[in-house]
Amino acid sequence: MPPRPRKRFGQNFLHDQHVLGRIIAAAEVAQGDHLLEIGPGPGALTDRLLALDVPIVAIEVDRDLGAALQQRQAENLTVVIGDVLKTDLTPLLTDPPYKLIANLPYNISSQVLFKVLAQRKLFGRLVLMFQKEVGDRLIAGPATRDYGILSVLMQTWYEIERVVRVPPGAFHPPPKVESVVLCMNPLLQPRVEIVDEALHRQLVRGAFAQRRKTLRNSLIGYGWQPEQVDQGFAQAEIDPGRRGETLTIEEFGCLANVLEPITPQGK
Ligand code: SAM
């Protein structure tokens, strides 16, 4: 009997063979690769990956599904039962870089990306399924409605391509939304070198905190002092009257590299 999907774990099991094939093709798995799968579920994608004969670490939060995969005792498969967001990946991923391949549950996809960004050295290519709207945001460019925090942070370090759109009928049960698979390749050099990544993240969050305000007012509202902001704009040669959403990836980097950190009395 196929397992009954559990809504609370975001379980929409992929059964469309064409989509599975496109995910596998985009991953371009070669001998010597190491793979991480998040949320293997009943294993439709895992089975395809196992056929490629490379080591796979799979992290599954659902105990029953995780145990079923463990019982298979597949030679190349290490199944970890747990929540990927609470799992320390460093001791598990001992042969980096890992290609991350996953049909992610929609409710944790942004958090997974933040986790990947924080531990970029552990990862090579990422081939991931997203809700279409999230995928649109990840590939969006400046001055568009979809451009946001994750667009800037991911595009600073990754080249992102759309692999395939996925209709609800590709899953059981069908989700209410369209999906898309994206392939993200780490850039050899980031689009702009970032001196202080925590400050860069803070700047990007601050810039999008109040999208309708000017960047200057948005950053002041976020906790920077007016004189710090003005000095940063002058050094980076960025017009403070622009909205944050118009800054390119490179401009965000340049500004982050000259901006003073928020002073302690601020946020
Ligand atoms: N890979 C399978 C497929 O393609 O059919 C299942 C995909 S389903 C969209 C998402 C999977 O992630 C489910 O098996 C679910 O139990 C698991 N999952 C949900 N939250 C998780 C978490 N925080 N950590 C690890 N796995 C999680």
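A polar contact is a pair of N or O atoms within 3.5 Å; within protein, one must be able to donate a hydrogen and the other to accept it, and residues adjacent in sequence count only if both atoms are side-chain atoms. This is a predicted model, in which local features need pLDDT of at least 70 and side-chain atom pairs count only at pLDDT 80 or more, while totals for chains, interfaces and linings use all residues. Residues are numbered from 1 along each chain as its sequence is written, and side-chain values use heavy atoms, with hydrogens and water left out.

- A polar backbone atom of glycine 39 is found 2.8 Å from a nitrogen atom of the ligand.
- For aspartate 83, a polar side-chain atom lies 2.8 Å from a nitrogen atom of the ligand, and for glutamate 37 the corresponding distance from a polar side-chain atom to a ligand nitrogen atom is 3.5 Å.

**The shell around the ligand**
- Among the 20 residues around the ligand, those that come nearest are Gln11, Gly39, Glu60, Asp83 and Asn103, where a residue counts as near if one of its heavy atoms lies within 4 Å.
- Strand S1 (13–14) and strand S3 (56–60) each supply at least two residues of this shell, strands being DSSP runs (E) of at least two residues and helices runs (H or I) of at least four, numbered from the N terminus.

**Lysine 132**
- Lysine 132 belongs to helix H5 (residues 132–139), and its side chain is joined to that of aspartate 136 by a polar contact of 2.7 Å.
- Leaving aside residues up to four places away in sequence, lysine 132 touches Arg165, Glu178, Ser179 and Val180, contact meaning heavy atoms within 4.5 Å.
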